[in-house]
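Here is a set of questions and answers for a reader who is new to this structure. Please keep the sequence and the model in view while reading.

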Amino acid sequence: MTGDISDVTRARHGRPVHHWRRDVVELAALFTAVAVADVVANLIGHGPDGPALLVIAAAALIATAGFHTWWARRHGHAPPPSHTDARSAAEPRHTGPSDRPEPTPGAEGGTSALWRMRTTVQDRPGSLAALCTALADREVDILSLQAHPLAEGTVDEFLLRSPADLTAAEITRVVSLGGGAHTWIERADAHDLVDAPTRILGLAARTALDAAELPLALRQLLGRCTIRSLPAAPADDARGPQAVPAEGALEDTVLRLRAPEGGVITVERPYLPFTPTEFARARALVELDTRLGPRIPRSQDVLTLAEGNAITVRRADPGDLEAAQAMHARCSSGTLALRYHGPVRDADRYLAHLLSPRFGRTLAVQTASGRVVGLGHLLWDGDETEVALLVEDEWQRRGIGGELLGRLVSMAVEAGCESVYAVTQASNTGMVAAMRGLALPLDYQIEEGTLVITARLDATPVVSRPPYDCGRRRSDGPAGRD
């Protein structure tokens with residue numbers, strides 16, 4: 001019991017607590033030491049070497065006092081460990097995520113925060129160690145590290161876990177003091193805990209299954225960036241994309257890669273230059289896509305409309321160009337004008353682009369006889385995503401537009417898009433009603449006489465429709481055509 005009480009009195013607020021009995025003992029020791037010193041001084045001082053011995057004794061005393069002060073500061077009086085601490089002190093410590101408390105709701109989202117950081121470190125021994133030591137001094141854990149060698153140094157990419165009250169500016173300042181330069185940092189989430197090889201293999205698998213996944217895979221591989229696919233142009237067409245060598249081109253914040261069908265894929269990231277390692281990974285994904293050739297998932301859903309008609313919803317591809325042109329021929333000029341916002345005679349020019357998986361995903365609605373009566377497009381527009389619908393006049397007002405839009409938005413959510421937008425006119429009441437039917441926050445803007453409706457996808461789950469490849473499936477390919 002006495003030991004427990006002394007433990008408590010020694011450790012209040014992390015500082016030792018003095019007791020009167022300890023003060024009496026220390027005072028008695030002090031007087032004893034003075035008396036002994038006086039006796040020694042009288043004995044030595046009267047000898048032939050007395051002054052020299054006194055100087056040596058004084059120097060030894062000062063050295064001993066200095067050593068005691070240094071030792072006390074280095075091994076200060078810490079409070080005694082609790083039973084839990086004593087047990088864990090005997091066990092090995094790990095610096096992984098499990099050593100940190102689970103995040104709890106709060107102003108910063110919990111007791112710790114995840115960060116993605118990139119900084120340039122000089123390529124010399126000890127540089128990285130100095131940076132890691134600077135981060136450790138602020139209780140920042142390094143969960144993963146990737147090195148991107150450059151000619152003038154090394155770009156190190158970190159995944160960090162820091163105390164929740166440590167801001168990005170403070171981490172950047174610590175990194176700068178530790179020798180890092182050109183630091184870039186942003187908040188991360190649990191998805192970033194997947195190691196780089198696993199993530200790249202997953203992106204390659206998605207690209208292998210669907211040609212439309214290539215732009216999305218590049219965006220997830222390289223972070224926030226703008227990706228554009230430019231079709232190949234004749235040699236005499238000055239407006240076409242600039243030719244790019246077969247191995248691609250790395251231009252600081254721009255990647256230019258040759259698309260599989262001969263066009264150009266440009267990736268722009270103004271806020272952060274690309275590294276040769278990122279360029280090699282992006283080129284490998286494009287080469288994989290080129291070797292595999294055109295491919296579209298062939299699953300399809302058979303649905304029954306309210307009046308009893310059966311329709312099939314499936315992915316479309318360039319092979320549907322003739323059927324789509326035939327649908328254009330059956331549509332009225334008013335329907336085509338609402339969809340393409342231009343001369344009706346030019347509508348067919350857009351179909352080859354819309355049906356290509358390089359620029360997005362297209363869903364087709366066909367009847368039991370195989371006639372295409374509706375098209376829905378999800379188009380990758382740089383770092384944004386556009387949705388567009390076209391339903392043949394005779395099949396309008398039957399819920400086909402809403403069905404297509406719900407599936408397209410579900411695909412956008414699956415692809416990680418934050419929002420989708422539709423360009424239409426205020427007179428297109430069918431499209432306006434379909435966007436409102438999503439039950440998502442909408443933003444309306446008028447631009448040059450057209451209505452742009454933007455739906456935010458991170459607010460609430462989309463309508464309860466299955467995506468195009470879920471629900472009732474038939475794997476026997478598209479239905480027959482007339």
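**A loop residue and its sheet**

Student: Leaving aside neighbours within four places in sequence, which residues is T275 in contact with?

Tutor: This is a predicted model, and in it T275 lies in the loop between β8 (264–268) and α9 (276–292). Once its neighbours within four places in sequence are set aside, the contacts of T275 are R118, H148, V155 and L250.

Student: Does T275 count as buried or exposed?

Tutor: The cut-off for a buried residue is under 20% relative accessible area. T275 has a relative accessibility of 3%, so this residue counts as buried.

Student: Which strands stand at the edges of the open sheet?

Tutor: The open sheet is formed by 4 strands, paired in the antiparallel sense, in the order β5-β8-β7-β6. Two of these strands each have a single partner, so one side of each is left without a neighbour in the sheet, and these edge strands are β5 (226–230) and β6 (249–251).

Student: Which residue in β7 stands opposite L250?

Tutor: Strand β7 (residues 254–258) pairs with β6 over 3 bridges, in the antiparallel sense. Across this pairing, the residue of β7 that stands opposite L250 is L255.

Student: What angle does the direction of α9 make with that of β7?

Tutor: The helix α9 packs on the sheet, where it touches β6, β7 and β8. Between the direction of α9 and that of β7, the angle is about 25 degrees.

Methods:
Residues numbered from 1 in each chain as written. Predicted model: local features only at pLDDT ≥ 70, side-chain atom pairs only at ≥ 80, totals over all residues. Heavy atoms only, no water. Helix = DSSP H or I, 4+ residues; strand = E, 2+ residues; numbered from the N terminus. Buried < 20%, exposed > 50% of the residue type's maximum accessible area, 1.4 Å probe, protein only. Contact = heavy atoms within 4.5 Å. Pairing = 2+ DSSP bridges. Axes fitted to C-alpha atoms, helices over the stretch in contact; angles between N-to-C directions.
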